[in-house]
Amino acid sequence: MSLLNFDFLLLGHPRSGTGFSSNTMKYLGYDVGHETIGCDGVSCWTFVTANDNYIVGRPKTSSEIKISGITRQDLTYKTLIHIVRDPFLVLKSMFNTVEENEPAFKFLEKHTNVDLTFTKIEKIIWFIIEWNRMIKLLNPNFLFRVEDDIDNLENFLTSNGYTIHKKRTAPPRNYNTRKNSNKPFSFSSNNKNLLSRLADHCLEYGYKGDTSCLD
């Protein structure tokens, strides 16, 4: 297939805010689809891999394109945005909403070479660390922490020649695409090396690195 050309590719770990980030870009005037390709780009976690994607995508407007059969190698883009969210919130959301037999979980297992003897919670910790490491290797142009002010993203865009045309109110901070994402849960792990890596990951992206709750 011929290459699809657009401005923005947004990548993050599942449950880290790819839908929120898509809506934020639309709020700022750019048609970036969530797991669909909009006129200005796409926000899709599976595109961290170069040539694999199981998501079909459900276009919300006539201008959006399904991503079924499309992978990152089919795209050209100008600006790569790395989406991050508090790893402990990602961990909780993933644990509560994604089962180990679901395609998303299996996709992450396949592409992160996780130790299959890990518990579910240990696998998710591994996924978060490795998926973000893989994105970092792609040399993103901007790191968007979803908890931070949208102003940071707006300033980045304007400083790189993009004009802002705000179309509606900003997406709500509690935007979520899955039920039970914030349901309470408890967990533990005795894998000290993995917990140490998680603490380092938290600190690298500016989050509190206290993993004592996992001991």
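**A parallel sheet and its helices**

User: What is the bridge partner of Asn5 in E6?

Analyst: In strand E6, Asn5 is paired by a bridge with Thr76. Strands (E, at least two residues) and helices (H or I, at least four) are DSSP runs, numbered from the N terminus. This is a predicted model, in which local features need pLDDT of at least 70, side-chain atom pairs count only at pLDDT 80 or more, and totals for chains, interfaces and linings use all residues. Residues are numbered from 1 along each chain as its sequence is written, and side-chain values use heavy atoms, with hydrogens and water left out.

User: How many bridges join E1 to E6?

Analyst: Seven bridges join strand E1 (residues 4-11) to E6, and the two run parallel. Two strands count as paired if DSSP finds at least two bridges between them. Further along, Phe8 stands opposite Thr79, and Leu11 faces His82.

User: And what about E1 and E4?

Analyst: Those two strands also run parallel, joined by three bridges. Leu10 stands opposite Ser43 in E4.

User: In which order do the five strands of the open sheet come?

Analyst: The order is E2-E4-E1-E6-E7, with parallel pairing. Strands E2 (32-34) and E7 stand at the edges with a single partner strand each, so one side of each has no neighbour in the sheet. On average, neighbouring strands are turned by 25° against each other, direction ignored. Axes here are lines fitted to C-alpha atoms, for helices over the stretch in contact, and angles run from 0 to 180 degrees between N-to-C directions.

User: Which helix packs on the sheet, touching E1, E2, E4, E6 and E7?

Analyst: That is helix H1 (residues 18-27), whose direction makes about 155° with that of E2. Contact means heavy atoms within 4.5 Å. Helix H4 (residues 120-136) lies across E1 and E6, at about 140° to E6.

User: How many residues of E6 are buried?

Analyst: Seven of the ten residues in E6 (75-84) are buried. In E1, seven of the eight are buried. Buried means under 20% relative accessible area, exposed over 50%, and partly exposed in between (1.4 Å probe, protein chains only).

User: New topic: is Thr169 buried or exposed?

Analyst: Thr169 counts as exposed because its relative accessibility is 66%. Thr169 is found in the loop between helix H5 (150-159) and helix H6 (192-204).

User: What separates the C-alpha atoms of Thr169 and Thr24?

Analyst: They are separated by 9.6 Å, while the two residues are 145 residues apart along the chain.
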